[in-house]
Amino acid sequence: YIAIAPLEPQFWQTFCRKLNKPEWLKILAFGVKPELRQEIEDLFAGQTLSHWLELFEGSDACISPVNTVKEALDSIPCRQRNLLQNLIHPVLGEVPQ
């Protein structure tokens, strides 16, 4: 799954340009009509997650993968920030938290 949230004008512009959809530039992302939502959904369904992540990599378009809990905990940002700690439980012993 992928999260798509280019709600502010600058993010919407980047989103439209990356998709080569200049006709969408005049439409504000907030309150998008159902027809356009369906068009976006169909467009994204036509390619793999890795395709979209590669296309939007390094851009400021508010696009990101929706990770499983395991993927999130294994991610570089999680490891760099030391977000997962092992705590000692009186019965279970060492438990990741």
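**Close-up views of a predicted model**

**View 1. Thr68 sits in the loop between β2 (63-65) and α4 (69-74).** Helices (H or I, at least four residues) and strands (E, at least two) are DSSP runs, numbered from the N terminus. This is a predicted model, where local features need pLDDT of at least 70, side-chain atom pairs count only at pLDDT 80 or more, and totals for chains, interfaces and linings use all residues. Residues are numbered from 1 along each chain as its sequence is written, and side-chain values use heavy atoms, with hydrogens and water left out. Thr68 counts as partly exposed because its relative accessibility is 43%; buried means under 20% relative accessible area, exposed over 50%, and partly exposed in between (1.4 Å probe, protein chains only).

View 2. With a relative accessible area of 19%, Lys21 is buried. Not counting residues up to four places away in sequence, Lys21 touches Cys16, Glu39 and Leu43 (contact means heavy atoms within 4.5 Å).

**View 3. Phe44 and Phe56 are both buried.** The structure holds 7 aromatic pairs (rings of Phe, Tyr and Trp, its six-membered ring, with centres within 6.5 Å; planes under 30 degrees apart count as stacked, over 60 as edge-to-face and the rest as tilted). In one of them, the ring centres of Phe44 and Phe56 lie 6.3 Å apart and the planes meet at 15 degrees, so the pair is stacked. This pair links distant parts of the chain, with Phe44 in helix α2 and Phe56 in helix α3 (residues 49-56), 12 residues apart.

**View 4. Ring pairs link Trp12, Phe15, Trp24, Phe44, Trp52 and Phe56 into a cluster.**
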